[in-house]
Amino acid sequence: MLASTIRRLHAAKATISVGRSRLFSSHSADDLPLSGIRVLELGQVIAGPFCGQLLGHFGAEVIKIEPPSVGDPLRVWRELDVDGVSPWFRSLGRNKKSVAIDLRKDEGRELVKRLAAKSDVVLENFKPGTLEKWGLGPSDLHPLNPSLIFTRVSGYGQTGPWSSRPGYASVCEAESGFRYINGLVDPKTDGHAGPPVRPNISLGDSVAGLHAAFGTVLALMSRHKLASHGKEKGQTVDVSIMESMMNLMEGIIPEYDRKGKIRGPSGSSVTGIVPTNAYPCLPSPSTGGSPTYIIIGANGDTLYTRLMCAIGREDLTGPLYAHNHHRVARQAEIEEAITKWTSSRSAEEVYELLQAAGVPVGRVLSVREIVEHEQVKARDGVEDVWVQKEDGGWNVKMSRVFPILQGSDVKTRWAGPDLGAHTGEVMKEDLGLDSDEVARLRQDGVIG
């Protein structure tokens, strides 16, 4: 119902959007859930842009505003391609239109105001107060567009004593309690044996981006309900990286409140769930003399019995091991038995034996193995996306955007574009500027 209403209210805009993207896409977006929704992305790096990537993949027209000459810093992060642009940006910027506008200039901010007046969502992840300083906050833009939704991602939220602090995922992960529960355990103190361990991705940013996308869709649904009652009102989606990470913390707070438990690090296992762990196997050619590892998750009661039978330890079954709380009390002997069995076998042998026994088991794979994975291939989990250049171009492999929607053939329509690739057409087709005015703005450094 929401999707059909959105398409009806924005049909003209959607038609224009598809027409403008025809040089970049062989897949139409006009039948996707967010078709007809325009998102003005003012954010940069990961958290805001990841939200924009999700919205754009499912049909929204995402206009990404970037500073001229330099663009989003992510364009030159990590590995760089032959053109000096990060393949990561080609992935995170997919299905977006790049418009280069200098927000430090009055004319640049005025152009953004005019675009916001024709948009459904403003997406940003600046430090709170930045948009207000530029005259682009809700109180500035709602008089021009009362139904405009503001999706705002920051470290600690738009209010509170910490709201003005810069929000970096690494710091917010620590402040959320997430880093405290991750790492190797010191057996003497049950605390950390060394520094807390960080996953080798910017998890907090991506989790916040997911919350922002979810919140944006909720706000669109709310706006639809209000419109059905004759009210025209947008709202602010206030996403905090710290709070987004707190949303992942399962029962940690209620367990502390009711039982006084302070969960600490647990190495490669999970506190209070047995057995689920990484178990050592014989070394492989790629690991030299070091063991390989395999993940076993047999914490269901029936699965546990299957595992014990598969490794020849039926003596560790029965009433004393029947349920999870029984196994938690006997975790040491269970883990020792499993480790002894896996340590004398290759990871491949362990994998095949446990698969045959119906026990959840997984190899620890690198990206090289993921792109060739039979399950990934069967579900088109990795796409080849074309990067268009004047003299040709090339394909970049990137993970498909999930989830998969049954009945919708949702594919990446184009890779993250070159900086300012859509500036001219957006200035002319959306803002009605003529070629002379566009040329003047370029000359003055307002646009790029």
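This is a predicted model: local features need pLDDT of at least 70, side-chain atom pairs count only at pLDDT 80 or more; totals for chains, interfaces and linings use all residues.
Now widen the view. β4 and β5 belong to an open sheet of 6 strands, and reading across it you meet β3-β2-β1-β4-β5-β6, with parallel pairing. At the edges sit β3 (96-100) and β6 (236-240), each of which pairs on one side only. From neighbour to neighbour, the strands of this sheet are turned by 20 degrees on average, direction ignored.

Helices pack on this sheet, too. Look for α5 (residues 106-116), which touches β1 (38-41), β2 (61-66) and β4. The direction of α5 makes about 160 degrees with that of β1. Then find α18 (residues 423-430), a helix that lies across β1, β2 and β3 and runs at about 90 degrees to β3.

Strands pair through backbone hydrogen bonds, and the pairing may be parallel or antiparallel. Here it is antiparallel: 3 strands form an open sheet in the order β7-β8-β9. β7 (276-281) and β9 (361-363) are the edge strands, each with pairing on one side only, and the twist from one strand to the next averages 30 degrees.

Between β7 and β8 (residues 292-297) you can trace 6 bridges, and N277 stands opposite I296 in β8. To finish, follow helix α14 (residues 331-343) as it lies across β7 and β8, at about 35 degrees to β7.

Note on methods. Residues are numbered from 1 along each chain as its sequence is written. Side-chain values use heavy atoms; hydrogens and water are left out. Two strands pair if DSSP finds at least two bridges between them. Helices (H or I, at least four residues) and strands (E, at least two) are DSSP runs, numbered from the N terminus. Axes are lines fitted to C-alpha atoms, for helices over the stretch in contact, and angles run from 0 to 180 degrees between N-to-C directions. Contact means heavy atoms within 4.5 Å.
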